Every structure is written in structure tokens, then in C-alpha cells.
Amino acid sequence: MNILVIGANGQIGSELVPALREKFGRNNVIAADKKISKKSKSSNDDKDLFLDVLNKESLEKIVSENDIQIIFHLAAILSAIAENVPQKGWDININGLMNILEVGRNHNIKKIIWPSSIAVFGPKTPKINTPNDTILRPTTMYGITKVSGELLINYYHEKYDLDVRSVRLPGIISNKTLPGGGTTDYAVEIFYEALKNKKYISFLKRDTKLPMMYMPDCISAMIMLLEAESSQLKRRVYNITSMSFSVEEIAQEIKRHIPEFVIQYDPDFRQEIANTWPESINDSLARKEWKWNPSYDLCAMTKDMIQKLKKRVL
Ligand SMILES: NC(=O)c1ccc[n+]([C@@H]2O[C@H](COP(=O)([O-])OP(=O)(O)OC[C@H]3O[C@@H](n4cnc5c(N)ncnc54)[C@H](O)[C@@H]3O)[C@@H](O)[C@H]2O)c1
């Protein structure tokens, strides 16, 4: 089973690739990105490749030369950045995905995993316990590309029987990699600032509550979705979540470990994006159909983040 991860050097890819290599063997996992990390540049590793997903010929070459059967497509422009460069957001998020789907059907790729996002929801979507099937009318370019992407993967599944699978990820919190320009980035930055300076100025308001997930749960969701039997899956796209908290609630939780920590609020343009997203997500279909079950809540995640970051940041 040869696996290609595209967008491998981003927040999720840089932790997914080692997890996949550990599980499926180092030589079976190719990591590709437009941004090449210093480490892979210096190691000259033939399993770490340069790829611009908009270059379909290069993508096809990598897929055929390495006999790829599974693709994780993670390359994207995230919510906050896409609001500033909407045309580029559309180009990479949609034309990049189209290239993957076309290569998928022409090269008999067995499975494609492509993350969607809670950004598919919009101001008219029910905000609390948001169901899997609901109103999808986002007002951000990122959300528009994710809804379009969901429609595209359904189309390729119905029309060409391509096995594409997706989860709508909430904000992802990691102790290893910094986030790549999303609206939930504050939930990672706050830990670095709390440890280094005992102070954080939040770009979201005190009572802004959003769905979140700790990286170990995100990685296990991606691998569980890959390994789910086709007969278990009744749809292509699943809501998943593990916790929801406001900025004030995470600050309070951090204060239990770092009592001197203070938080201030200075909302910027990202507040408008956050205002259109749900507070909490109903992921009962993922739990029922492929046994999704996260391990970390706010308390366990905060404890682990502080323990791990302390060693590196201080
Ligand atoms: N991190 C989150 O909180 C979150 C939440 C919801 C959904 N998602 C989705 O998960 C996926 C991965 O997110 P992430 O947080 O790792 O993103 P990221 O921004 O950290 O990483 C994306 C990676 O894609 C690469 N990339 C961008 N354009 C490319 C191109 N043209 N060709 C090849 N590579 C390119 C970038 O260099 C980067 O390394 C994305 O689809 C994102 O929308 C992430």
C-alpha cells in the first residue's frame, strides 16, 4: 500500500506523515509539499518530494513512478489567509482538489482522504450541536471552497465510483507544529504566550466559542477513516469534534496550571469569520458508522499541551 501525502509539511501533515510511516512502513509513505522543510532539504530524502498540486503533470509523474494507491490531500489555503487572497484560495483549494480527483480516477487510486472543515457552515446554520446534514451557506472564501469540494467529491464518487472520504475538521491544536493561518490559531498561540510571557492578547472575543480537537485525535481520525470498511460508510463527509470552548474558558483552564497568566482581548477581522461558525458539532454519525471516539477534552488537552511545550519553550 503506497501512500502519498500532499501538503505534508503543514500543521497536520507534519504529524500525520510520521504516524503513517510508523504504521505502514517508512518506504511506503511519500511526503510531498510546495514548501520543502530544511530537514528534508538537507537529508536529500527521496521520500520527501517537491510538488505543486496545481501542476497536474508532476502529480501524475509522482503517482505513477511510486505506484501510489492512497492519497491524503492536505494542501490548502486556510480560512484567515483565504479571506485576504480569495482568488488564490479558490485556485489551490478547488483546482488542486480537481487535479487530485482526476489523477485519482485515471490512475485507479484506491482511496483519497481530503479534510473538509467546520467552515462549510454559515450564519444561517444552527449554531449548537450542528448536524451532519444541514444548511451549508458559508460567507467566507475558505468555506465556499470546502462546500464546493464536498460537492465535487460526492460527484466523483457517484459518477466514477472513486472512493474519496472526508471529515469536517474543527480547529486543530498541536504541541509540535504551528497552525497555518486559520481562525482557530489563537488556541495554539495562547499556550506559547502563556508559557513565555504569561500574557496573551486574543484576536477573538472572550465569549467566542468554537469546536476544537487535539492533534492526536485528529491523526487517529484520519487513520480510522482510511481503514474503515466501505460497507461502514453511508456517506462521504462526516462531522467530527471532541470539545468546544470559549476563549475565556481555555484561558481559565491554562490559569489552573499557570496562575500568573492574564488574557486581554483585541478582536480583528478573524472575529467576523468565527461569528459565522458553529459553537458545537454533532458527530453522532461518525461515532455510529466508523466508531469515531476522541480521547482528549479541554482539561486533558491543556494538561498535555503545557507538559509537552514546557520542555521546548522554556
Ligand atoms: N489545521 C486546522 O485547524 C484545520 C481545520 C479544518 C480543516 N483543516 C484542513 O486540513 C488540511 C490541512 O490543514 P493544515 O492545518 O495542515 O494546513 P497548513 O496550512 O498548515 O498546511 C498546508 C500545506 O499545504 C502546502 N501547500 C499549499 N499550497 C500547495 C500547493 N499548491 N501544492 C502543494 N502543497 C501546497 C503548504 O506548503 C502547507 O505545508 C487542509 O485541507 C485544511 O483546510 C485544517
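Residues are numbered from 1 along each chain as its sequence is written. In this predicted model, local features need pLDDT of at least 70 and side-chain atom pairs count only at pLDDT 80 or more, while totals for chains, interfaces and linings use all residues; side-chain values use heavy atoms, with hydrogens and water left out.

Select the ligand and its shell. Around the ligand there are 26 residues (a residue is near if one of its heavy atoms lies within 4 Å). The closest are Q11, I12, D33, D52 and Y142. The shell holds 13 nonpolar, 8 polar and 5 charged residues (Ala, Val, Leu, Ile, Met, Phe, Trp, Tyr, Cys and Pro count as nonpolar, Asp, Glu, Lys and Arg as charged, and the others, Gly among them, as polar).

Next, show the polar contacts (pairs of N or O atoms within 3.5 Å). At D52, a polar side-chain atom is 2.9 Å from a ligand nitrogen. Move to K34, where a polar backbone atom lies 3.3 Å from a nitrogen atom of the ligand. At I172, a polar backbone atom is 2.9 Å from a ligand oxygen. Now colour strand 6 (116-117), helix 6 (141-160) and strand 8 (171-173): these are the elements that give two or more residues to the shell (helices are DSSP runs of H or I, at least four residues, and strands of E, at least two, numbered from the N terminus).

Finally, select helix 7, residues 186-197. Its buried residues are Y186, A187, V188, I190, F191, Y192, A194 and L195 (buried means under 20% relative accessible area, with a 1.4 Å probe and protein chains only).

Methods
Polar contact = N/O pair within 3.5 Å; in protein donor to acceptor, adjacent residues only side chain to side chain. Buried < 20%, exposed > 50% of the residue type's maximum accessible area, 1.4 Å probe, protein only.
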